[in-house]
Amino acid sequence: MDFLTQVVASFGLLLNPTVLFYVVAGFLIGTVFSAIPGLTATLALALLLPLTYSLDVTTALMACASIYMAGMCGGSITATTINIPGAPSSMMTALEGYPMQQRGEGPLALGHASFGSMIGGVFGAVLLVLLAPLIADLSLLVQTTGKCALILFALIVIVIAQRGNVRRAAIAACLGLMLATVGLDAMVPVARFSFGLGELAAGIDLMPVIIGTFAISELLTQLAENNEAKRIREKLKKVAKIRRRDFIPSRSAIRSIGAACYLKSSIIGYLVGTLPGAGGSMGGFLAYVEAVRTSREPDSFGKGNPQGIAAAESANNAVCGGALVPMLTFGIPGDPITAIVLGVLVINGIQPGPQLMESQAGLIAPMLAALIFSALILIPLTMYLLGPYFIRIVRIRRDVLFGSIAMLAVVGSYVATYSTFQMMMALAMGVLAFYLRKYGYPVVTLLLGFILGPGLEEYLRRSLTLSNGDLTVFVTQPDSLFFIVLTGIFVYFLAIRKPVQLKSESAT
C-alpha cells in the first residue's frame with residue numbers, strides 16, 4: 001500500500017514543465033517510430049539512450065515509459081490506414097482495421113484502437129503496481145517444458161483461427177518455422193541451411209522479415225490492384241469532412257464489444273507480458289483468437305470487426321505492465337524495450353531485484369506513474385488531436401505515398417541490421433509474401449511461425465535433453481500439461497464445436 005501511495009504521489013512530478021516535456025516528447029517520438037515500418041520504438045529508445053545520460057534518472061525512466069507505451073499503440077496507425085503494421089504487435093489490428101478503412105470507417109477504427117490501448121495500458125500498469133510480486137512468482141512456475149507448450153499453443157490456435165483456410169495457414173506457419181531454422185544452431189555451433197553463404201550463417205533477421213512480409217508485399221499487392229487506392233479515396237470523399245469526434249467510439253459500439261472483451265484481453269496481455277520473450281505480438285494473437293472463439297459472429301472477423309481491434313490493442317498495451325514485472329523483480333527483460341530500460345537502471349547504479357520496489361520505490365514509482373499517464377491521457381489525446389492527420393495518409397498521391405513507403409521500408413531494414421544482404425532479404429520476403437497472399441495463404445501465420453520458431457526449437461530441445469528424450473515429460477510437468485489442456489480446449493471450440501454448430505444450423 002505504501003508503494004501504491006508513492007505511485008499516486010508521483011503524478012505530481014508531471015506538473016514540472018521539464019518532466020512533462022520529456023514525457024510528451026518521448027511519447028510522440030515513440031508514436032512516429034512505431035508507425036513507420038522498420039523504425040520501432042526499440043530503435044527510438046536505443047537512439048535516444050545517450051540523451052538519458054544528461055537527465056536525472058527519474059526523468060529518464062519516465063521518458064522511457066512513455067516511449068514504451070507509445071511503441072505499442074503507434075503501429076495501429078499505418079496498420080489501419082495502409083494495411084502495413086508499424087510494429088509486430090499491431091499485426092492483428094491490421095486484419096480488422098484496414099477493412100474498416102476500406103469502408104470509409106478509418107477514423108472509427110483508429111478510435112477503437114486508441115480506446116483499447118488506453119484500457120489495456122492502464123489495466124496493465126495498475127496490475128503491475130498491485131500484483132507485481134505475486135505475478136513474478138507465478139511466472140517462475142513456467143519452466144522450460146511449459147514455455148515450449150505455450151509457444152506451441154500460440155501456433156496452433158492462430159492456425160485454426162483462420163476459418164476455412166486452416167490448411168493454407170498451417171503451410172504458411174510451417175514455412176515460417178523453416179525460415180527460422182536458417183543460421184547457427186541454437187545449441188550446437190553449426191550453420192544450418194546457409195548454402196555456403198556467410199551472410200546466411202548469421203540467420204535471417206526479424207525486421208527484414210516483418211518489413212518484407214507486410215510493407216513490401218503490400219506495395220506489390222496495391223500496385224497489382226490499380227483501382228484499390230482510388231476506390232478508398234473515393235469512399236473517403238463521400239464521407240463528410242473528418243472531424244475529431246469521429247475518432248471517439250459511441251457508447252453503443254463500446255457496449256457491443258463488451259467490458260468482458262476489454263478485461264479479458266488486458267488480463268491475457270498482462271500475463272503474457274510477464275513471460276520473458278513473449279512480447280506484445282503473442283499477447284495480441286492470443287487475445288484476438290479468444291475474441292474470435294467467444295464471439296457470436298466469428299465469421300465477421302477479418303472483415304472489419306471492431307471487437308478484433310479492441311482485443312488486440314487492449315492486450316498488446318497491457319503487455320507493457322506485464323513485461324516490467326520480470327525486469328524489475330528479477331532483472332530479466334521481458335522484451336527488447338525493457339532490456340534497454342534495464343540498461344538505464346544499471347547505468348544509474350540501480351540493481352533490479354525482489355526488494356527493488358521497497359528500497360528504490362522513489363525511483364520506480366514515477367516511471368509507473370508515467371506509464372499510466374501515457375496510457376490514460378496521451379494515447380486518447382494524441383489520437384483526438386492528430387487523428388485527422390493520420391487518416392489523411394491515404395489521400396497522398398499514390399506515387400508519392402508508395403515511393404516514400406518503399407524508401408522507408410528499405411532504409412528501415414538496413415538501419416535495423418546494417419546489412420545490405422538483410423536489406424535484399426526484405427525484398428525477397430516481400431515477393432514471397434506477395435505470391436502467398438495472391439494464392440490465399442495468410443502471411444500472418446508465416447510471420448508468427450518465424451517469430452516463435454527459435455523459442456519453440458530451443459525449449460523443445462532443452463526439454464528433451466533434460467528428460468533424456470522422454471516425450472512424456474510434457475504431460476508429467478504441471479506447467480506444460482496446463483497449456484496442452486488449454487490447447488485442446490481451444491481446438492475443440494474453434495475447430496470442432498463451431499463447425500458442427502454451423503453445419504447443424506445450415507441443415508435446419
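**Fold and helix packing in the predicted model**

The structure holds zero disulfides, a disulfide being a pair of cysteine sulfur atoms within 2.5 Å. The structure is a predicted model, in which local features need pLDDT of at least 70 and side-chain atom pairs count only at pLDDT 80 or more, while totals for chains, interfaces and linings use all residues. Residues are numbered from 1 along each chain as its sequence is written, and side-chain values use heavy atoms, with hydrogens and water left out.

The secondary structure of the protein consists of 24 helices and two strands. These elements are DSSP runs numbered from the N terminus, where helices are runs of H or I with at least four residues and strands are runs of E with at least two. Of the 508 residues in the protein, 56% are buried. Buried denotes a relative accessible area under 20%, exposed one over 50%, and partly exposed a value in between, with a 1.4 Å probe and protein chains only. When contacts between residues at least 6 apart in sequence are considered, 79% join residues at least 24 apart; contact means heavy atoms within 4.5 Å.

The packing of two helices was examined in detail. Helix α9 (residues 166-180) packs against helix α22 (residues 443-466) at an angle of about 45°, and their axes are 7 Å apart. Axes are lines fitted to C-alpha atoms, for helices over the stretch in contact, and angles run from 0 to 180 degrees between N-to-C directions. Helices α9 and α22 are therefore oblique to each other. In this classification, angles under 35 degrees count as roughly parallel, over 145 as roughly antiparallel, 65 to 115 as roughly perpendicular and the rest as oblique. On the α9 side, the contact is made by Ala169, Ala172, Ala173, Leu175, Gly176, Leu177, Leu179 and Ala180. Helix α22 contributes Thr445, Leu446, Gly449, Phe450, Gly453, Pro454 and Leu456. The residues of this contact comprise 11 nonpolar, four polar and no charged. Here Ala, Val, Leu, Ile, Met, Phe, Trp, Tyr, Cys and Pro count as nonpolar, Asp, Glu, Lys and Arg as charged, and the others, Gly among them, as polar.

Individual residues in other helices were also considered. Ser10 is placed in helix α1 (residues 2-10) and is buried, with a relative accessible area of 8%. Residues up to four places away in sequence not being counted, Ser10 touches Ala365, Pro366 and Ala369. Val410, in helix α20 (residues 398-417), is partly exposed at a relative accessible area of 25%. Its contacts, apart from neighbours within four places in sequence, are with Met423 and Leu427. Val410 and Thr420 are 10 residues apart in sequence, and their C-alpha atoms are 9.8 Å apart in space.

Two further residues were compared with positions elsewhere along the chain. Glu199 belongs to helix α10 (residues 198-201) and is partly exposed, with a relative accessible area of 42%. The C-alpha atoms of Glu199 and Phe421 are separated by 6.9 Å, although the two residues are 222 residues apart along the chain. Phe493 lies in helix α24 (residues 478-507) and counts as partly exposed at 23% relative accessibility. Phe493 and Thr294 are 199 residues apart in sequence, with a C-alpha to C-alpha distance of 8.8 Å.
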